[in-house]
Amino acid sequence: MDRFENPYRPGAGSAPPALVGRDDLIDDFEITMRRALDRRPGKSCVLLGLRGVGKTVLLNRFSQIAEQREVKVGFIEASEGGGFPELLAVRLRRILLELEHGAARRALSAVGRALSVLMSFTHTFTDGSSVAVSFEPLAGQADSGVLSEDLTDLLVAAGEAADTCDSGLLLAIDELQYLTDEELAAIVGATHRTVQLDLPVVVSAAGLPQVPALLGNARTYAERLFEFPEIGRLREQDAADAILLPAADLDVEIEAAAVRRIIEESGSYPYFLQEWAYHAWNAAPGPPITDDDVDSARPSVIDKLDRDFFRVRYDRLTPKESDYLQAMAELGPGPHRSGDIAEVLGVQVTSVAPRRSALIAKGMIYSPAHGGTDFTVPLFDEFMKRVAH
């Protein structure tokens, strides 16, 4: 098959050629955005799920919907290294300058005030960094050094500026689990205030399954501000459509047995579906794509997943953390009790608790229920078994 024509797009956050199985979430977001622009903001959503289920793809789709309604979008990917306030300041700087450029005379005052509040906010950065804005800080606004108070001042000012310009504001935050407790409390508190003031501000986010607990610890009312839809593997028909529709657009047939094999091998996880379909296409000498072609693609798929998806996470582990995950893999599909993992390791539960906490902080495992532990990366247990051999 022509590799150039290959329609499948495996990648980190890459939009699949057919975004299926997520229509309800997309429709819900569109209603949320429309209501916010009508000064009736309500709950936004925090997308929850394992790696590779398409959370980032959905956040990007939300951003597209917002931009189509001329809403200003600030997309932030949080990281383990921190720096969330600085990233937020950079995104809001761009948004406010765009608003200033197109603002009517009546709106310039609100935009200018928001830029001054932004300058005040950056003066609290401990590393001494700032943003380039030709406005003086506004004394008494976003300059207390208390992040929860300062972020609220800033987001309210930005929301008022967007509203005065007949626009709105979407903050899309990916990898939410990497925010500190202080940052989570601040973003929840600031969002709460914009809702109270009926400002056209929506904060949507995505993160691993432990996020609701983190948000609940940060602010007890977080569950009243956000919905927490769980994004998982695709239903069988949706998984089949994700494989078949892109090929059909190019008049390429995929045999039913090949579709079943791709679904089985990928576990119906969107990223893995794309990887398997992509390599099966390349392995096929010509249409139709058969079960034999999928089988031929297996070595290249496993090699690609191991090098580019699993290994980059595995290489961040300490030897003792690796041992912990190896013990989980030996137990088979999870979740697993902490006591069972400790037993495989031949140690007391209390002695491995720090390892478990470190792995949760790194986003490698999570606790689906009290005392339980599971991988945040689908099929990681199979990778760990391959590494062991």
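Predicted model: local features only at pLDDT ≥ 70, side-chain atom pairs only at ≥ 80, totals over all residues.
**Along H11**

Stay on H11 and select Asp303 and Arg307. Here is another salt bridge, 2.8 Å from N to O. How far apart are Asp303 and Arg307 in helix H11? The two are 4 residues apart, which means a separation of about one helical turn. Asp303 is partly exposed, with a relative accessible area of 38%, and Arg307 is partly exposed as well, at 44%.

Together with Asp303 and Arg307 they are linked in a network of salt bridges.

Move to Arg313 and show its side chain with the ring of Phe309. The charged end of Arg313 sits over that ring, 4.6 Å from the ring centre.

**The aromatic cluster**

Which residues form one aromatic cluster with Phe309? The members are Tyr269, Tyr271, Phe272, Phe309, Phe310, Tyr314, Phe375, Phe380 and Phe383.

The whole structure has 14 aromatic pairs. One to pick out is Phe29 with Phe62: the pair is stacked, with 4.3 Å centre to centre and 5° between the planes. The pair links distant parts of the chain, as Phe29 lies in helix H1 (residues 23–37) and Phe62 in helix H2 (residues 55–68), 33 residues apart.

**The largest pocket**

Hide the side chains and turn on a surface. The largest pocket has a volume of about 840 Å³. It is lined by 43 residues, and those closest to its centre are Gly11, Ala12, Gly13, Gly52 and Thr56. Select these five to find the place.

Which of them gives the largest share? H2 does, with 5 residues. Colour the lining by residue class: 22 are nonpolar, 9 polar and 12 charged.

Switch to the backbone and go to Pro287 and Pro288. The peptide bond that joins them is cis, with omega about 0°. Pro288 lies in the loop between H10 and H11.

Another cis peptide bond joins Gly334 and Pro335, where omega is about 5°. Pro335 is placed in the loop between helix H12 (319–330) and strand E6 (336–337).

From there, select Arg337 and Asp340. The two form a salt bridge, with the closest N and O atoms 3.2 Å apart. Arg337 is exposed, with a relative accessible area of 53%, whereas Asp340 counts as partly exposed at 29%. A search of the whole structure finds 20 salt bridges.

Two residues with positive phi remain to be visited. Asp251 has phi of about 60° although it is not a glycine. Asp251 sits in the loop between helix H8 (236–249) and H9, and it is exposed, with a relative accessible area of 74%.

Then follow H9 to its other loop and select Ser268, found between H9 and H10. Ser268 is also not a glycine, and its phi is near 65°, a positive value. Is Ser268 buried or exposed? At 7% relative accessibility, Ser268 is buried.

Key:
Residues numbered from 1 in each chain as written. Heavy atoms only, no water. Phe/Tyr/Trp six-rings, centres within 6.5 Å; stacked < 30°, edge-to-face > 60°. Lys NZ or Arg CZ within 6 Å of the ring centre and 35° of its normal. Salt bridge = Lys/Arg side-chain N within 4 Å of Asp/Glu carboxyl O. Buried < 20%, exposed > 50% of the residue type's maximum accessible area, 1.4 Å probe, protein only. 1 Å grid on protein atoms, 1.4 Å probe; cavity = no way out; pocket = protein on both sides within 12 Å on 5 of 7 lines; lining within 4 Å. Points joined across faces, edges and corners; volume = space filled by probe spheres on them. Nonpolar A, V, L, I, M, F, W, Y, C, P; charged D, E, K, R; others polar.
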